[in-house]
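Here are my notes on the model you asked me to look over. Keep the viewer open as you read, and follow along point by point.

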Amino acid sequence: MLARRALAAAPAHSRAASSIAQKYATAVYNGALKQSPTALNKVDQDLNAISKAISSTPALSAFIHNPTISGKDRTKGLDALFAAAEGTTKTPISTPTKNLFSILAENGRLVETEGVIEGFKNPFD
């Protein structure tokens, strides 16, 4: 029943997160929730800001969609991604969010970013 409501409320342009993206989304959702509801809200704000930064900056979109970037360049790219997201909210990106993106980068899964964000928004799908 809850899943049906979430699907009905999802925007028409919404895409289902891959199973890999959903696992990352669930992990960060549960980790932030265990910290506190405030931490969960902060991760949500961070992911909204990151999503906006990616959609408004072609270089950031290219960065997350390029699985061949070296480890050194991934670190630089994450710094640029966080700086762009922080610029939209004027608050620093939280540690759980930074940890999520560090793990995505280490595992070569930055391409799953949009699915992770979607999965975080709809954790019961």
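1. **Ground rules.** Please bear in mind that this is a predicted model, in which local features need pLDDT of at least 70, side-chain atom pairs count only at pLDDT 80 or more, and totals for chains, interfaces and linings use all residues. Residues are numbered from 1 along each chain as its sequence is written, and side-chain values use heavy atoms, with hydrogens and water left out.

2. **Overall make-up.** The protein chain has 7 helices and 0 strands, where helices (H or I, at least four residues) and strands (E, at least two) are DSSP runs numbered from the N terminus. Read from that end, the order of elements is α-α-α-α-α-α-α.

3. **Surface and burial.** Of the 125 residues, 35% count as buried. Buried means under 20% relative accessible area, exposed over 50%, and partly exposed in between (1.4 Å probe, protein chains only).

4. **Contacts along the chain.** Take the contacts (heavy atoms within 4.5 Å) between residues at least 6 apart in sequence: 71% of them join residues at least 24 apart.

5. **The core.** In soluble globular proteins, nonpolar side chains tend to be buried together. Here the largest nonpolar core has 30 residues, and Ile50, Leu78, Leu100, Phe101, Leu110 and Phe120 touch the most other members. Such a core is a set of buried Ala, Val, Leu, Ile, Met, Phe, Trp, Tyr and Cys residues joined through side-chain atoms within 4.5 Å. At least two core residues come from each of helix 2 (19-35), helix 3 (37-56), helix 4 (58-64), helix 5 (71-89), helix 6 (95-106) and helix 7 (113-121). Helix 3 gives the most, with 7 residues.

6. **Helix 2 against helix 7.** Their axes come within 8 Å and cross at roughly 50°, so helix 2 is oblique to helix 7. Axes are lines fitted to C-alpha atoms, for helices over the stretch in contact, and angles run from 0 to 180 degrees between N-to-C directions. Angles under 35 degrees count as roughly parallel, over 145 as roughly antiparallel, 65 to 115 as roughly perpendicular and the rest as oblique. The crossing is right-handed; a crossing is left-handed if the near helix is turned anticlockwise from the far one by less than a right angle, and right-handed if clockwise. Ala21, Gln22, Tyr24, Ala25, Val28 and Tyr29 of helix 2 meet Gly115, Val116, Gly119 and Phe120 of helix 7.

7. **Helix 2 against helix 6.** These two pack at an angle of about 155°, with axes 10 Å apart, so helix 2 is roughly antiparallel to helix 6. This crossing is right-handed. Tyr24, Val28 and Gln35 in helix 2 meet Pro96, Leu100, Ile103 and Leu104 in helix 6.

8. **Helix 3 against helix 7.** The axes come within 11 Å and cross at roughly 140°, and the crossing is left-handed.

9. **Phe120.** Which residues does Phe120 contact, leaving aside its neighbours within four places in sequence? They are Ala25, Val28, Tyr29, Leu40, Val43, Asp44 and Leu47.

10. **Leu40 and Ala32.** Leu40, in helix 3, counts as buried because its relative accessibility is 13%. Beyond four places in sequence, Leu40 touches Tyr29, Ala32, Leu33 and Phe120. Ala32 belongs to helix 2 and is buried, with a relative accessible area of 1%. Ala32 touches Ala39, Leu40 and Val43, again not counting residues up to four places away.

11. **Leu104.** Leu104 and Tyr24 are 80 residues apart in sequence, yet their C-alpha atoms are 8.3 Å apart in space. Besides Tyr24, Leu104 is in contact with Arg109, Leu110, Thr113 and Val116, leaving aside neighbours within four places in sequence.
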